[in-house]
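Q: I would like to go through the helix packing and some backbone details of this protein. Could you show it first?

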Amino acid sequence: MTTEFAVPDVQKAWVVVAQGKPERALRFKSDWPVTKRLDPGHVLVKIQAAALNPVGYKMMKLAPNFVANRPHVAEYDFAGVIVDENDSNFKKGDEVFGWANTAYQRISKQGALAEYVVVPASEIALKPANITPIQASGITLTAITALHSLDQAGLEEGQTILINGASTAVGSFAIQLAKIKGAKVVAVASGRNEQYVRNLGADEFIDYTKVGPLHKYLEKSPPSPKYNVVLEAVGIYDPSLYTSSKSYLAPNGVYLSVGPQPKLGWKTVWDTLRLFTVFLPSFLTGYRTKFAIPVVKNEENRLERLRAWLEEGKLKPVVDTVYNFEDTLKAYERIMSSRATGKVVVKVDNSLES
């Protein structure tokens, strides 16, 4: 028997209307239209919870209105229940998790901080029964980023990966996924998060607050054997961790960054010039290791692989804090503090248990 759902014409939503910090860029609207006409292969999801991502507030601050195609609903990751579908492998009533990725958001104006969202069925997966909607809401973007990075690096069993920013959401998933692949994990974070990353599976720990500049510390105390992969999961613009990596990253190793973010100042100009050099031929620079910034897509069945590992208990969701829908601006304050370990989640359905 097919479950029927009454879908309203309008909804509550946090809408990005301008460029700037979240308190300036966002407006809470109670009359945002619900898209009911579905293209083939699309679903309409009633959202239970949504998760914030650094790319969300960074796009608000950096992207002009014409580039971001504002106004549009904010954020990407969600968990919810399918209330309508058009020729998909899902049915009404299915509990799912997934995302409205950045490219799709720009075109469709759909987003996660709303009561309803329309997305391609290829961008969602069935929610495992052993996790809650709040846990599921924060998985897709960061976990796919971590998995894409490890896939792109070709991380193999027995190899070693250094994860800088191991307590971030991407870093937290990267630790677990690297252990699933059978790799050794060296985690870099502040000392207060040591037990957190060790509980996720980190084999060794470096407290960046005690060693000074990380690249200089690693140059003075290089590992043996050298790291096969370095994943920079913070988004640091300074490329020193790569340009100084000869002593600690294997010649055939891979350096990945989740997407360095520039800051205003003369140092940014200098770092930009240095960053450009990493893309020059190795005979000019002497850098033999690969530098890559993953372009995150749900390819190679990644979302379904994540779902299976979650269901098996090999991969665990990481939730930092949970906020009610009307307190979304406070949730942004939390994620922008850079002190969150795991995901910052917003309950769109306030009846959910945190």
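Q: What should I know about the model before we start?
A: This is a predicted model, in which local features need pLDDT of at least 70, side-chain atom pairs count only at pLDDT 80 or more, and totals for chains, interfaces and linings use all residues. Residues are numbered from 1 along each chain as its sequence is written, and side-chain values use heavy atoms, with hydrogens and water left out.

Q: At what angle do the axes of α6 and α7 cross?
A: Helix α6 (residues 140-153) and helix α7 (residues 169-180) cross at roughly 50°, and their axes come within 8 Å. That makes α6 oblique to α7. Helices here are DSSP runs of H or I with at least four residues, strands are runs of E with at least two, and both are numbered from the N terminus. Axes are lines fitted to C-alpha atoms, for helices over the stretch in contact, with angles from 0 to 180 degrees between N-to-C directions. Angles under 35 degrees count as roughly parallel, over 145 as roughly antiparallel, 65 to 115 as roughly perpendicular and the rest as oblique.

Q: Which residues of α6 and α7 meet?
A: From α6 there are Thr142, Ala143, Thr145, Ala146, Leu147 and Leu150, which meet Ala169, Val170, Phe173, Ala174, Leu177 and Ala178 of α7. Contact means heavy atoms within 4.5 Å. By class, the residues of this contact divide into 10 nonpolar, two polar and no charged. Ala, Val, Leu, Ile, Met, Phe, Trp, Tyr, Cys and Pro count as nonpolar, Asp, Glu, Lys and Arg as charged, and the others, Gly among them, as polar.

Q: And how far apart are the axes of α6 and α14?
A: The axes of α6 and helix α14 (residues 302-312) are 10 Å apart, at an angle of about 105°. The two helices are therefore roughly perpendicular to each other. The contact of α6 with α14 has six nonpolar, two polar and three charged residues.

Q: Is His148 buried or exposed?
A: His148, in helix α6, is buried, with a relative accessible area of 7%. Buried means under 20% relative accessible area, exposed over 50% and partly exposed in between, with a 1.4 Å probe and protein chains only. Beyond its neighbours within four places in sequence, His148 is in contact with Pro294, Val295, Val296, Lys297, Glu299 and Arg302.

Q: Turning to α15, which of its residues are buried?
A: In helix α15 (residues 328-336), the buried residues are Thr328, Ala331, Tyr332 and Ile335. Seen down the axis of α15, they fall within an arc of 100°, so they line one face of the helix; the arc is that of the directions from the helix axis to the C-beta atoms. Among the elements they pack against are β1 (10-16), β2 (26-33) and β16 (343-347).

Q: What follows α15?
A: Ser338 does, and its phi is positive, near 65°. Ser338 lies in the loop between α15 and β16 and counts as exposed at 60% relative accessibility.
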